[in-house]
Amino acid sequence: MLTLALSKGRIFDEAIPLLARASIVPAEDPERSRKLIIGTSDPRLRIVVVRASDVPTYVQYGAAELGVAGRDVLLEHGGAGLCVPVDLGIGRCRLCVAVPAGFDYAGTVRRGARLRVATKYVQAAREHFAAKGVHVDLIKLYGSMELAPLAGLADAIVDLVSSGGTLRANNLVEVEEIMPISSRLIVNQAALKTRRDELGPLIERLAAAVQP
Ligand code: PRP
């Protein structure tokens, strides 16, 4: 039996058609059944439902041989013990810097002033601002980043943007794209060696199911 770690919500919803193209159909909808271990149409594969940020951890320690994780989540995890063989092209969005409308971000950066930045993506933000030579104090949050500048907690945020609707609704504007994001297939490095016979064909099936 192989185990695939998946998170509920957008990644799960977008993974369903991709899995279907690889002839894998989950036996239940985790949003409805609330089950955390779900069988699939392939008797050799089951799905475990975990939080998005926990997917790399399950795969790193081999509790799941495979997983689907956003590039954002992988950057924060660091990738220890993982192979990342396939960009699945789902969960597409971008990691951005955003500020309140009217805030002079470019001027602040030019003056070399310190910026307070709230984010869930501390590693990616640290690397981005260090590469630009911008001095920042990073404030780690776990959600609702958009509130931080409005409540006076930070000057700017680093967050995922998809439609831009959440930024607009909170009078924030995107001032910099840090990187495009999509979900990746991740595989436990040790399992890839010891269970190559089972994992190899499955990885190939999933890679073939990716839409350009
Ligand atoms: C993400 C992100 C933004 C929102 C952006 O949150 O943190 O809040 O989506 O999407 P939009 O540009 O289409 O409005 P998500 O809903 O994934 O929940 P999270 O806060 O738990 O990350």
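Mentor: One term before we start: a polar contact is a pair of N or O atoms within 3.5 Å; within protein, one must be able to donate a hydrogen and the other to accept it, and residues adjacent in sequence count only if both atoms are side-chain atoms. Also, this is a predicted model, where local features need pLDDT of at least 70 and side-chain atom pairs count only at pLDDT 80 or more, while totals for chains, interfaces and linings use all residues. Residues are numbered from 1 along each chain as its sequence is written, and side-chain values use heavy atoms, with hydrogens and water left out.

Trainee: OK. How far is the polar side-chain atom of threonine 166 from an oxygen atom of the ligand?
Mentor: That distance is 2.4 Å. Serine 162 uses a polar backbone atom, 2.8 Å from a ligand oxygen, and an N or O atom in the side chain of lysine 120 is 3.0 Å from one.

Trainee: And how much of the ligand's accessible area does the protein cover?
Mentor: 59% of the 500 Å² that the ligand has on its own; accessible areas come from the Shrake-Rupley method with a 1.4 Å probe.

Trainee: Which residues are around the ligand?
Mentor: Lys120, Glu146, Asp159, Leu160, Val161, Ser162, Ser163, Gly164, Gly165 and Thr166, counting a residue if one of its heavy atoms lies within 4 Å. They divide into 2 nonpolar, 5 polar and 3 charged.

Trainee: Which element gives the most to that shell?
Mentor: β9 does, with 3 residues. Strands here are DSSP runs of E, at least two residues, and helices are H or I, at least four, numbered from the N terminus.

Trainee: What space does the ligand take?
Mentor: The largest pocket, at about 900 Å³. On a 1 Å grid over the protein atoms alone, a pocket is an open set with protein on both sides within 12 Å along at least five of seven lines, a cavity is a set of points where a 1.4 Å probe fits but cannot get out, and lining residues have an atom within 4 Å of a point. Of the 36 lining residues of the largest pocket, those closest to its centre are Ala52, Asp72, Lys120, Tyr121 and Leu160. Helix α4 (71-77) gives the most to that lining, with 4 residues.

How values were computed
Sits in = over half its atoms within 2 Å of the grid points. Nonpolar A, V, L, I, M, F, W, Y, C, P; charged D, E, K, R; others polar. Points joined across faces, edges and corners; volume = space filled by probe spheres on them.
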